[in-house]
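Colleague: Before I use the labels in your annotation, I would like each one set against its cut-off. Please show me the model and then we go through them.

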Amino acid sequence: MATKRVLSLILSVLSTITLLWTQFGECNNGRRLGDAVDTDFSGFSVPLEHSFEIDDFPRFRLRGALQFRGGRENGVYLAQNQLSEKDRNTMKDVAAVDGLYRIRVPRVSLQVDRQTERQSEGYITAFVRACSLVESHLSDVITLHTDVSGNVIGISIVTIPGSCRGIEVEDEVDLEVFNTTISVVAPVTAPVPETAPYIERMEQEMEKKGKNPQEQKSFFAKYWMYIVPLVLFLMMSGAQDQSGGGAGGGAGNGGGR
Amino acid sequence: MAWLVVRLAISLSLLYTASAVFEDQVGKFDWREQFVGKVRFALFDTHSQASKKLLVATDKNVFASLNSRTGDLFWRHVDKTGPEGHIDALLMYGQDAVVVVGNGRLLRSWETTVGGLKWEAVLDTGSFQAAALIGVQDFVKYVAVLKKSAISLHDLSSGSQIWVENLPDSDTVQYQTIYSGGNGLVFVLGFVPSSHIVIVEYKIEDGEIMKKKSVEAAWMSSLENSCAVISSGNLLCVDQITQSLYILPLQSAEHTEMRQIHLQTLDLEVASGFQPVLTSTQPNPAQPPLAEFFLQLSPDHHILLQLKDDLIAPLRDFNPSYLAAFATSGEKTVAAVMTPKNETACSINLFSADTGRRHLDTTIIYHMDPNGGKPNRLYVHAFLKKDDSVGYRVMVQTEDLTLTFLQQPGRVVWMREEALADVVTMEMVDLPLTGTQAELEGEFGKKAGKVQHGLLPMVLKRLSSQFILLQAWMAHLWKLFYDARKPRSSVKNEVTIDTLSRDEFNLQKMMVMVTASGKLFGIDSKSGTVLWKQYLEDIQPNSIFKLIVQRTTAHFPHPPQCTLLIKNKDTGLGRLYVFNPIFGKKSHISVPALPRPVLQTLLLPVIDQDYAKVLLLIDDQYKVTAFPSTKNVLQQLQDTASSIFFYLVDSSQGKLSGFRLRMDLSTELIWEVVIPTEVQKIVAVKGKRANEHVHSQGRVMGDRSVLYKYLNPNLLAVITESTDIHQERSFVGIFLIDGVTGRIVHEAVQRKAKGPVHFVHSENWLVYVYWNSKFRRNEFSVLELFEGAELYNSTVFSSLDRPHPPQVLQQSYIFPAPISTLEATLTEKGITSRHLLVGLPSGNILSLPKMFLDPRRPELISEQSREENLIPYAPEMPIRTEWFINYNQTVSRVRGIYTAPSGLESTCLVVVYGLDIYQTRVFPSKQFDVLKDDYDYVLISSVLFGLFFATMISKRLAEVKLLNRAWR
């Protein structure tokens, strides 16, 4: 039931004329995780809602629609409206009192074949300070995070620049259009101990040693002319320095490996 | 080039070889205490008169032998944790101790002098019911083990099974007890609830059923607790509802019903709601038990009764009495009874068992610890004195798991605090300053407190404090002089609570330990002496404890203050206990009542006018309670409310949510992250330690540029494990989430991995250990976060203003050992390099340089990586035995490692706790700020003096020479 309502909302959004295609998201650099399933390219969309209120009590309104293009690349587009005059004023007022600008998306799975079992039982939310959004002239970066099986688990919003310096934004035009960068990030696969390259490297070194007979000579065979005087010198210099000599010798052996 | 390699090798190996202890340093700054846990069975070795052995088996699955003169351990065997190693029964005969382990899985015989295993027998499956020694013709030869559906007889000297027999009708009858009186028969007693008792008689030689009979007993609810066999095979049972004793001769054929004896006829009555307990004694398993027995009618009422000529007669009534126990020495059996004397003391007396007459001069006074629990077990060791009278010693176990060993007339021979075998959490608190130091401090402290004084009082104050300092110094000198004349051994620095003071380098601290039984301890970290203890009553066994240091010792004259949050695991309801960590005294500060379950606690850097940090408690309706909640605090909270954020974790729904404090101390939800529980479940969430300092903002690279660290103090490490446990598909998830904004900073999955995951989150790195299910090995992985070559905002870090995600570097290594726990060293200023302390199941603590866990370790050595001192990548992590900080002092079942900085930058204090407690100091970068122990003062001062005089003399000579030249 809830999904139906959401879908109808999206449709109404799509039909409005003031439809704006903002910058499209970067392709996900992470590998496609989970069992790769061949998916069609029909795609689907979910609403992105936002809220900014003077009293800081969240009342979410539709900001735009996230268009997921299914398939291997997890591409995402954000179609969003312009801010109305009223919204712009509210936004400035909220920024003045250091209020929050919140966004939310329903919990969905990005895998198209899972759409049927998708339940919009809750939302994931994030916030940014309204003043930083105003001062950055609505330049925000929204990132959707998914887990290994493609469920959206978190959303984050940052503005660039992110600071609030109290700069007055004069031009109303700057607050009309969102300049959004959106992307979907899947977890990266953590590395495992790299044994194969290590063994390969070791083998190469062994080979190198084998080729060069000069190298095969032991440490002492190569440097005896330096070591013998050193040892003699140490022995001459008496017992006072014994501990230092012992440590040096031990280290030398360690280095020879 | 070659020389460069050698030099590099020397410098590197010098860097690595750290932390090993020299032989003469053993025990100098480290100590270990070994524990056994809550005693379930304790037996004194009565085999020979001079024996000092006390055998104990505990709920921690430990079987140990204690020296009854000193309380030290002779030997100890630590079995597996959980039901697999659970000790079901302990029997002793002569030099042998027979133990049934793991719900009747194993039968073991131990040699008690050295603790060697004599034999072990694997028993058939079936849940364990009872075990007994069986004697034939005055010799104990066998041990019988009763399972739910079978009985088996084993030879005591070899463990070989003599016979095993199935019990008749074992699906309806509950068999619970074995009895043998040494007459060639074994009786197995069982019952059908509210119906009848079943007695099966077996022949010892071949296990043949000689007789089987059932006796009507409709009142019977449990055989084990309310029945006992006394005096040549009479089964005696007590029933609370009918207020009666029932008696039945086991061997006679004609009795088909138990004879009822109303307690009224003996002028006795069982206290309402109390399950009466019968205690009998069988001094020799090859002979029938005595005719005397104890009947406990209420928690503090025992009575000694005797069965004589089929009649039960009271011998002596002990009212009131807390505990009663039998003990045998030679032919004499005595009963020890503990009776209350006054509010704080109990007296224990000895009575002869057969007459109930009191032995003269046998009183032991037992002083109850006002901060401890009530006594609940009494173990008596009786022995024959030279004049053939019976002497005895007792061991008293209390509710707070203290074992006290007493001898006449009440001298405490030793004491063991077994609650310390189960430490839950701990903190280290600085010791207070000495009186003189505090005097000076007080002078400056008042200045900070904005109390204006006149000039004259200030001068006077300063003069008086200087005078006190002088006085103290004189006293110190006098003491030194006085002690110098005494022989070395007699000068002993006894640590007591009154002489406690901070040492020069703050190396000695107070360890505040919270144990699972609800007993708190204050332990001196230098010697391991327990300085104070406090037992908190009515602690539920499944409580969660959180210890918070609200005020440190630094705010003289305000005493330090610790707060313990005790939370019920099931209901979440909690309460606060506020105390002074130095003296262990309960504070009289009024604590807020917590009517709702507490979800989260938050210690703010905000302090009240008494320098106590503010603790926020968030309940399940997201309301915030502040403690302390004075006007001053509430004002400060209102001012800073918009910058106070906290997070909650609901692992059952996979939900992490962030909240912000509002002016009116309510909260608002500001972010939410939901990790679906169908895929993975959150197993652990950890932030960074609040008292951690990072000295260096970045790392200098080989090309002299700087790689800045991403030092986000609000970063949370969330570890998940997959619900799919198939070895190919299972994974461990690592999420780094900003606790203020809810932004997922990094998200990674470790494939083909499973838990348990141990991890350390510190500075700009996260180290975690997991089990690689594909290669079946433990692996370490390290994640480091860097901002890059430039800092976004170098002056201050704000989670709200850090738009660029950090660079994440990660590398993994094989670790060739399983791991129990993981912690990182911590020092005062963070200059010293970090080490990881790895607790291994073998009991060793490995100090692993963080240098080995560096994701920038290169595959191929280059000039730049050499410049940076990076070790070339090797997939396997080395374990060197000289890295074990506890040499041979292994710590059984390591559960946690606590690290605390000391006043010396090079030194980190380490406490390892588990079954044992081990305290030591580690020096991750060696002791660069301390002169060595064997520093040659004589040489350096003689050289100095020599040079000085040489200069003087040569100067003089030069002068003479100049003068002579001038005259010429």
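**Labels and their cut-offs**

Modeller: Chain A has seven helices and 10 strands; both are DSSP runs numbered from the N terminus, helices being H or I with at least four residues and strands E with at least two. This is a predicted model, so local features need pLDDT of at least 70 and side-chain atom pairs count only at pLDDT 80 or more, while totals for chains, interfaces and linings use all residues. Residues are numbered from 1 along each chain as its sequence is written, chains are lettered from A and ligands numbered from 1 in the order in which they are written, and side-chain values use heavy atoms, with hydrogens and water left out.

Colleague: What is the mean pLDDT of chain A, and where is confidence lowest and highest?

Modeller: pLDDT is the predictor's confidence in each residue, from 0 to 100. The mean for chain A is 71, and 66% of its residues reach 70 or more. Strand S1 (residues 20–21) of chain A is lowest with a mean of 34, and strand S10 (residues 188–189) of chain A is highest with 92. Residues 1–41 of chain A have pLDDT below 50, yet beyond near neighbours in sequence the model gives this stretch 69 contacts, a contact being heavy atoms within 4.5 Å. Residues 241–257 of chain A also stay under 50, with three contacts beyond four places in sequence. Where pLDDT is low, the predicted coordinates should not be read in detail.

Colleague: What makes Cys131(A) and Cys164(A) a disulfide?

Modeller: The cut-off is a pair of cysteine sulfur atoms within 2.5 Å. The sulfur atoms of Cys131(A) and Cys164(A) are 2.0 Å apart, so the pair is a disulfide. The torsion about its S-S bond is about 90 degrees, so the disulfide is called right-handed. The pair links distant parts of the chain, 33 residues apart: Cys131(A) is in helix H3 (residues 130–135) of chain A, and Cys164(A) is in the loop between strand S8 (152–159) and strand S9 (179–185) of chain A.

Colleague: Why is Cys131(A) called buried, and why is Cys164(A) called partly exposed?

Modeller: Buried means under 20% relative accessible area, exposed means over 50%, and partly exposed is in between, with a 1.4 Å probe and protein chains only. Cys131(A) has 8%, so it counts as buried. Cys164(A) has 27%, so it counts as partly exposed. For chain A as a whole, buried residues make up 42% of the 257 residues.

Colleague: How many disulfides does the search find over all chains?

Modeller: The search of the whole structure finds two. Cys227(B) and Cys237(B) are joined by a disulfide, S to S 1.9 Å, and with 110 degrees about the S-S bond this link is right-handed. Cys227(B) is in strand S18 (residues 227–230) of chain B and Cys237(B) in strand S19 (residues 234–239) of chain B, so the pair ties together parts 10 residues apart in sequence. Cys227(B) counts as buried because its relative accessibility is 10%; Cys237(B), at 0%, counts as buried too.

Colleague: How do you know that Cys562(B) is in no disulfide?

Modeller: The nearest cysteine sulfur, that of Cys908(B), is 19 Å away. Cys562(B) counts as buried because its relative accessibility is 0%.

Colleague: Why is the pair of Phe294(B) and Phe318(B) called tilted?

Modeller: Rings of Phe, Tyr and Trp (its six-membered ring) pair if their centres lie within 6.5 Å; planes under 30 degrees apart count as stacked, over 60 as edge-to-face and the rest as tilted. By this rule there are 27 aromatic pairs over all chains. Phe294(B) and Phe318(B) are 6.1 Å centre to centre with 50 degrees between the planes, so the pair is tilted. The two are 24 residues apart, Phe294(B) in strand S23 (residues 292–298) of chain B and Phe318(B) in strand S25 (residues 311–318) of chain B. Phe294(B) is buried, at 2% relative accessible area, and Phe318(B) is buried at 5%. Ring pairs also link Phe294(B), Phe318(B), Phe326(B) and Phe351(B) into a cluster.

Colleague: What makes you say that the charged end of Arg61(A) sits over the ring of Phe52(A)?

Modeller: The rule asks for NZ of Lys or CZ of Arg within 6 Å of the ring centre and within 35 degrees of the ring normal. The charged end of Arg61(A) is 4.8 Å from the ring centre of Phe52(A). In chain B, Arg689(B) lies over the face of Tyr898(B), at 5.6 Å from the ring centre.
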